[in-house]
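Here are some notes to accompany your first look at this structure. Please keep the picture open while you read, and find each place as it is named.

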Amino acid sequence: MNTVRVRERPLNLTYAHNFSDNRTVLDGTFVYDPANKFSANYALDSGNCKLKYTYVHKGLTTFEPTYDVAKNTWDFAVSQRVYGDDTLRATYQTSTRVLGLEWSRMSKHPAGFKVKSIDSQWISMLCCWVDLWFFVSQF
């Protein structure tokens, strides 16, 4: 990784070449301040390019819109730290219309779950299950 300074802010550049599948990827990340970060990923062989902006609000909530240049689509992710070290993350891929939910838990006791994709009709049922799980876990 190489870092250059642009207006006194770091621009991190990475070049990776995988010899087994003959793939070359360029990554760049520009950190404007601790709450705002811009990143780009470009694959030389396929021409795929993804642009992502990350905004961290008060250190608890993260917003990540991503634009895929090759597909001309947007993906959105929002994550929220809850109950200390737990993180609830919601993603939406506009190209496939897939809504994803992920709950990760950082604790001594490995518990939690991860849902990679979910149909919209199951969202309310999942939210009720999560509320019930939190209620039961407090006893």
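1. Helices (H or I, at least four residues) and strands (E, at least two) are DSSP runs, numbered from the N terminus. Read along the sequence in these terms, the protein chain follows the pattern β-β-β-β-β-β-β-β-β-β-α, which amounts to one helix and 10 strands.

2. Please bear in mind that this is a predicted model, in which local features need pLDDT of at least 70 and side-chain atom pairs count only at pLDDT 80 or more, while totals for chains, interfaces and linings use all residues. Residues are numbered from 1 along each chain as its sequence is written, and side-chain values use heavy atoms, with hydrogens and water left out.

3. For the chain as a whole, 19% of the 139 residues count as buried, where buried means under 20% relative accessible area, exposed over 50%, and partly exposed in between (1.4 Å probe, protein chains only). The accessible surface comes to about 10300 Å², of which 58% belongs to carbon and sulfur atoms; such areas come from the Shrake-Rupley method with a 1.4 Å probe, and for residues only the protein chains shown count as cover.

4. Asparagine 36 lies in strand E4, which covers residues 36–43, and it counts as buried because its relative accessibility is 16%. Its side chain is joined to that of tyrosine 53 by a polar contact of 2.3 Å, a term for a pair of N or O atoms within 3.5 Å; within protein, one must be able to donate a hydrogen and the other to accept it, and residues adjacent in sequence count only if both atoms are side-chain atoms. If neighbours within four places in sequence are left aside, asparagine 36 is in contact (heavy atoms within 4.5 Å) with Phe30, Val31, Tyr53, Thr54 and Tyr55.

5. Asparagine 12, in strand E2 (residues 9–18), is buried because its relative accessible area is 19%. The side chain of asparagine 12 makes a polar contact of 2.8 Å with the side chain of threonine 3.

6. Strands E8 and E9 pair in the antiparallel sense over seven bridges, pairing being counted if DSSP finds at least two bridges between two strands. Within this pairing, threonine 87 stands opposite serine 104 in E9.

7. Arginine 97 belongs to the loop between strand E8 (86–93) and strand E9 (98–104), and in this hairpin, with four residues between the strands, arginine 97 takes a positive phi near 55 degrees. Arginine 97 counts as exposed because its relative accessibility is 69%.
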